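Morning, everyone. Let me put a structure up and walk you through a metal site and a strand. Have a look.

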Amino acid sequence: MNRQFRNILIMGLGMGITFNSCTSNNTGGQQSTASADSVDSLQTYVNNRLPIYENVKLTADMQSLSESERKMIPLLIQAAQIMDELFWKQAYPQKDSLLNTIKDDKAREFFTMNYGPWDRLNGDKPFINGIGPKPEGAGFYPIGMTKEELEKSDVKDKKGQYSVIRRNASGKLESIPYHVIYKDELQKASGLLKQAAELAEDAGLKKYLNLRAEALTSSNYTASDYAWMDMKNNGIDIIIGPIENYEDKLFSARSSFESYVLIKDKQWSQRLAKYVTMLPELQKGLPVEEKYKAEKPGTDSDLNAYDIVYYAGDCNAGSKTIAVNLPNDEDIQQKKGTRRSQLKNAMRAKFDKILVPIANELIDKEQQQYIKFDAFFSNVMFHEVAHGLGIKSTVNGKGYVRAALQEQNSWLEEGKADILGLYMVTSLLKKGELQGDIKDYYTTFMAGILRSVRFGAASAHGKANMQCFNFFKEKGAFERTSNGTYKVNFEKFATAMNDLSKVILTLQGNGDKTAVEKVEKDYAIIPAELQSDLNRLGEKGIPVDIVFEQGIDVLGLK
Ligand SMILES: [Zn+2]
């Protein structure tokens, strides 16, 4: 991310809180430190920022589980907690030494929920004196290493997904695999998964847990990813390991540790299953030139609903994930498709505590009737399905889109999923495969944009929604009324949706990083007028995100 752009965004994301001009003296380049950044006193900052989070107890119906499943959950949660520890090492290895200097409980809580001293939902603004800007390479690379240095080096594993880069004693760069550098933790987690596997009644789950246990200690995840895709009848699930690459903002290459402990909602899952069979047909109908939609999406994909009982690591940092599309391995995706996991209880919490209050404030009075949970659920669900649509390999021999676009890939891919998700909703409604009124889906989507731009530019989802907002505004898909509310123009909304789908798929298919950087600069920003509207949400105390009270106690398993 270029410096100037980042500054604009950080300034734009005040969210109604007055900062001492946080960035005006911060344009001198990478060397600026937190003292030049004049951070407010920690306590004042935390008192202002903590209320943007609403606490939610993460519970689920434990009665639906068998006795052995109930015994497995605590083991899985313990394994997840190890992923949390490891994510700390990746995001901010100095956790303990800094935490020891923070006395105030609220400040400790804020530091902990941010996994470090940078405010994730405020453009990674440092909130502790003496802390400079967040290193783009987080803890994956040595401090001060530039992209060029690594590119020019003879390190074999330059863009490795499962290794860190360190300097050896003579200052030379080298890569160290996760299973070597984090050996103790990973072996412990592996042991817990094996214990859980012994309790597993479902053969697919047993196999997956055993293979995942192996993967953690070898950094070879392929077999366990296949086993995970093959597993269909399990009542509980765990997503665990180094998975997403959002935290590596230098190369978008290295994966962060995380875990989700899940209980499947079998009834909902059945309702969702039928949509997967429709993927190839929907791919054909994409509003883009033929060559950008020639790939065939996998059809043995799964679409399941879950209640989540534990979040750990990357997915618990910044804006909380409410739907997951995995695995990320493009080869497996092409052979097996993906599994899209909708986290129903977390979604409901975000809808009730955030989306509805936002809509009450920012959506035109007449259109508030269209804000509905079913529409929200579908929009999020089809966002995940839409990750499987579109294009994975460039059309001009530049290899995978992800590799060609590097650090520009994540946010654009999220934008793609948002817009193609809406395209799918529109198509399925027309075919009669989905129930409801298009006005519900579009108005709820609009409210969803206003919710997600608040995640800020440090979040791929935040940026994606800024792009969508500005593009839609340009196309007249909505208007801002004189009283500062947003009113959807349903016809133009559909046109803008098709136009933006085409723009994004073409950018991805061409693998043209420079072109994406230009789009980022022009569109992935918060205009002043929108910022002043978002400030109203802050003033009214409408939370930006949720944080979880979670664990074995909360579930009543102790
Ligand atoms: Zn996504």
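Start with His-387. Buried or exposed? It counts as buried, because its relative accessibility is 10% and the cut-off for buried is under 20%. Keep in mind that this is a predicted model.

Now, what does His-387 do in this model? His-387 gives its NE2 atom to the zinc ion as a donor. Read along the sequence, the spacing is H-x3-H-x26-E. So where do His-387 and Glu-414 sit? His-387 is in helix H16, residues 373-387. Glu-414 is in helix H18, residues 409-431. They are 27 residues apart, and the pair links distant parts of the chain. Glu-414 is buried too, with a relative accessible area of 4%.

Next, strand S8. That is residues 302-313. How many of its residues are buried? Twelve of twelve, so S8 is mostly covered, taking buried as under 20% relative accessible area.

Which strands pair with S8? One is S7, residues 256-265. S7 and S8 run antiparallel, joined by eight bridges. Look for Glu-258, which stands opposite Gly-313 in S8. Another is S10, residues 339-343. S8 and S10 run parallel, with five bridges between them. Here, Ala-305 stands opposite Gln-342 in S10.

One general point while the strands are on screen. In a regular strand, side chains alternate between the two faces of the sheet.

That's my part. Over to you.

Conventions. Residues are numbered from 1 along each chain as its sequence is written. This is a predicted model: local features need pLDDT of at least 70, side-chain atom pairs count only at pLDDT 80 or more; totals for chains, interfaces and linings use all residues. Side-chain values use heavy atoms; hydrogens and water are left out. Donors are N, O and S atoms within 2.8 Å of the metal (3.2 Å for Na, K and Ca); water is not among the atoms, so sites may look incomplete. Helices (H or I, at least four residues) and strands (E, at least two) are DSSP runs, numbered from the N terminus. Buried means under 20% relative accessible area, exposed over 50%, partly exposed in between (1.4 Å probe, protein chains only). Two strands pair if DSSP finds at least two bridges between them.
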